[in-house]
Amino acid sequence: MSPPTPRRRRALPVLTAALAALLCGLAPPAAADDGPPDWTARPAGGSDRDARPYVYLEGAPGTVLQDRLTVTNSGRAPLTVRLRGDGRVGGWIRFAEDTVTVPARTRADVPLALRMPHDAVPGDTSGEAVATGGGEEIRVPVRVRTVGPTLAALGVEDVEVSGGTIRYALVNRGNAMLRPRLAVRAEGVFGTLLDRPERPLPLELAPGRRVERTEPWPDAPALDAVTVRLRVTASGGARDEAEASATYVPVVPAVGGGLLLLGGLAALASGAYRRRRTGRAGPRPAPDARPAVQPEPPEQAGPPEKAQLPLATEPLLKAGAKT
C-alpha cells in the first residue's frame with residue numbers, strides 16, 4: 001500500500017477541526033455561574049463609591065420627612081421592581097410608586113415619605129426599604145430619630161457559664177441607639193482566672209431590642225469554683241453588671257473512680273462539718289464524782305441473841321467449853 005499523498009495529510013487536520021466544531025455545537029451550553037444581580041437599590045445622591053450607607057431622617061412627632069431611593073438597572077432588558085417598607089418604621093414609609101419599571105441601562109429616583117406618629121417616643125428607631133425584582137431582594141436600612149429627650153438604658157441578663165463558653169443577653173431598655181462595650185472578669189478559689197478589659201462589641205442595639213451572645217473561654221479551669229462578672233456600658237451613661245457562678249470538676253473516666261471521688265468529697269465535707277460542730281459546741285460540765293452516801297444501820301437496844309463469830313473460832317469454843 002502506497003503512503004498518502006501530501007494533499008491527503010493536509011486534509012486530515014481540517015476534517016478533525018470541523019468534526020470538533022460540530023460536536024461543540026450539538027452539546028448543550030454550560031450553565032452560567034450565579035453572579036451578583038444586574039441591578040441595585042440605594043439611597044439617592046452621590047456615586048457608587050460615596051453612596052450613603054442608609055437613609056437617615058430626623059424630625060418631631062407628627063411631621064412628614066422625605067427622601068429618595070435610587071434603583072439602577074444595569075441589565076439589557078427593562079426591570080420591574082416592587083417597593084415596600086419593613087421593620088419598626090416600615091409602616092411609616094410610603095413610596096411615590098409601589099411598582100417601578102426601569103428601562104435597560106437606566107436608573108430611577110423614587111421619592112419616599114415617612115410620616116412620624118404623633119405619639120412617637122423620642123429617640124432612635126430603624127427599619128428598611130425593601131426592593132424586589134428579577135428574583136432578587138435588596139434591603140436599604142432606614143434610620144429615624146425622633147426629636148426630644150433621649151434615655152440611654154442598657155441591661156445584661158441571663159448570664160450562664162458552661163465549660164468554655166459564657167452566655168448572656170443584652171437588652172436596650174431606653175429609646176436611643178446603643179453600641180455596647182463589654183468587660184469580663186472571673187474569680188476562682190485562689191485568685192483571678194480571667195480579666196478582659198472593656199472592648200466594643202460588633203453590634204448596634206436598637207431601642208427595645210434583645211440580643212443573645214456568647215463569650216469564649218478556651219482556658220477555663222479543670223477544677224475550681226468560679227464567679228464570672230460581666231459589665232456592659234454604652235454612650236449616654238448606660239451601664240449594667242451581672243454575674244454567674246459555676247463549679248468545674250474533672251471528668252473521671254471509670255465509674256469506680258467517680259464513686260471514689262464522690263466518696264472522698266463526701267468524707268471531706270463530713271469531716272469539715274464535724275469539725276465545725278466540735279468547734280461550736282461548748283465544754284460540757286463533768287459529772288458529779290462524789291460517792292453516794294449509804295445510810296447507817298440503826299443501833300440495837302440490847303445485846304444480840306447470838307454473837308456472830310468468824311468460822312475459824314468456832315472449833316476452839318467447842319473444845320474448851322463445859323456445861
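Student: Hi! Let's start with R84: is the residue buried, exposed or something in between?

Tutor: Hello! R84 is partly exposed, with a relative accessible area of 36%. Keep in mind that we are looking at a predicted model.

Student: OK, and which residue does R84 form a salt bridge with?

Tutor: The partner is E137, and the closest N and O atoms of the pair are 3.7 Å apart.

Student: What does D86 pair up with in a salt bridge?

Tutor: D86 forms one with R139, where the closest N and O atoms are 2.8 Å apart. D86 belongs to strand β4 and R139 to strand β9, so here too the pair ties together parts 53 residues apart in sequence. As for accessibility, D86 is partly exposed at 28%, and R139 counts as partly exposed at 35%.

Student: Which residues make up the network of salt bridges there?

Tutor: The linked residues are R84, D86, E128, E137 and R139.

Student: How many salt bridges are there by the distance rule?

Tutor: The count comes to 20 salt bridges. The rule asks for a side-chain nitrogen of Lys or Arg within 4 Å of a carboxyl oxygen of Asp or Glu, and the R84 and E137 pair has its closest N and O atoms 3.7 Å apart.

Student: Give me one involving loops. Where do R179 and E204 lie?

Tutor: The side chains of R179 and E204 meet in a salt bridge at 2.6 Å, N to O. R179 is in the loop between β11 (165-172) and β12 (181-188), while E204 is in the loop between β13 (191-200) and β14 (210-216), so the pair ties together parts that are 25 residues apart in sequence. R179 counts as exposed, at 55% relative accessibility.

Student: Zooming out now, how many helices and strands does the protein chain have?

Tutor: There are 3 helices and 16 strands in the protein chain. Of its 323 residues, 28% are buried. The accessible surface comes to about 22,800 Å², and carbon and sulfur atoms account for 57% of that.

Student: And for contacts between residues at least 6 apart in sequence, what share joins residues at least 24 apart?

Tutor: That share is 65% in the protein chain.

Student: Back to β4 and β9. What is the strand order in the open sheet of 5 strands?

Tutor: The order is β2-β9-β8-β4-β6, with mixed pairing. Strands β2 (55-59) and β6 (99-102) are at the edges with a single partner strand each, so one side of each has no neighbour in the sheet. From one strand to the next, the twist averages 25 degrees.

Student: How do β2 and β9 run, parallel or antiparallel?

Tutor: They run parallel, joined by 5 bridges. Within that pairing, Y56 stands opposite R143 in β9. As background, strands of a sheet pair through backbone hydrogen bonds, either parallel or antiparallel.

Student: What about the open sheet of 4 strands: which order does it have?

Tutor: That sheet runs β1-β3-β7-β5, with antiparallel pairing. Its edge strands, β1 (39-43) and β5 (93-95), each pair on one side only. Neighbouring strands are turned by 25 degrees against each other on average, ignoring direction. β1 and β3 share 5 bridges in the antiparallel sense, with R42 opposite T70 in β3.

Student: Staying with β3, is N73 buried or exposed?

Tutor: N73, found in strand β3 (residues 64-73), is buried with a relative accessible area of 2%. A polar atom of the N73 side chain lies 2.8 Å from the backbone oxygen of A77. Leaving aside residues up to four places away in sequence, N73 touches several others, including D38, W39, V102 and R105.

Student: Last one: which residue in the β10 and β11 hairpin takes a positive phi?

Tutor: It's G163, with phi near 60 degrees, in a hairpin that has 2 residues between the strands. Strand β10 (residues 154-162) pairs with β11 in the antiparallel sense over 7 bridges, and the bridge partner of E160 is R167 in β11.

Terms used: Residues numbered from 1 in each chain as written. Predicted model: local features only at pLDDT ≥ 70, side-chain atom pairs only at ≥ 80, totals over all residues. Heavy atoms only, no water. Buried < 20%, exposed > 50% of the residue type's maximum accessible area, 1.4 Å probe, protein only. Contact = heavy atoms within 4.5 Å. Areas by Shrake-Rupley, 256 points an atom, 1.4 Å probe, with all protein chains shown as cover. Polar contact = N/O pair within 3.5 Å; in protein donor to acceptor, adjacent residues only side chain to side chain. Pairing = 2+ DSSP bridges. Axes fitted to C-alpha atoms, helices over the stretch in contact; angles between N-to-C directions.
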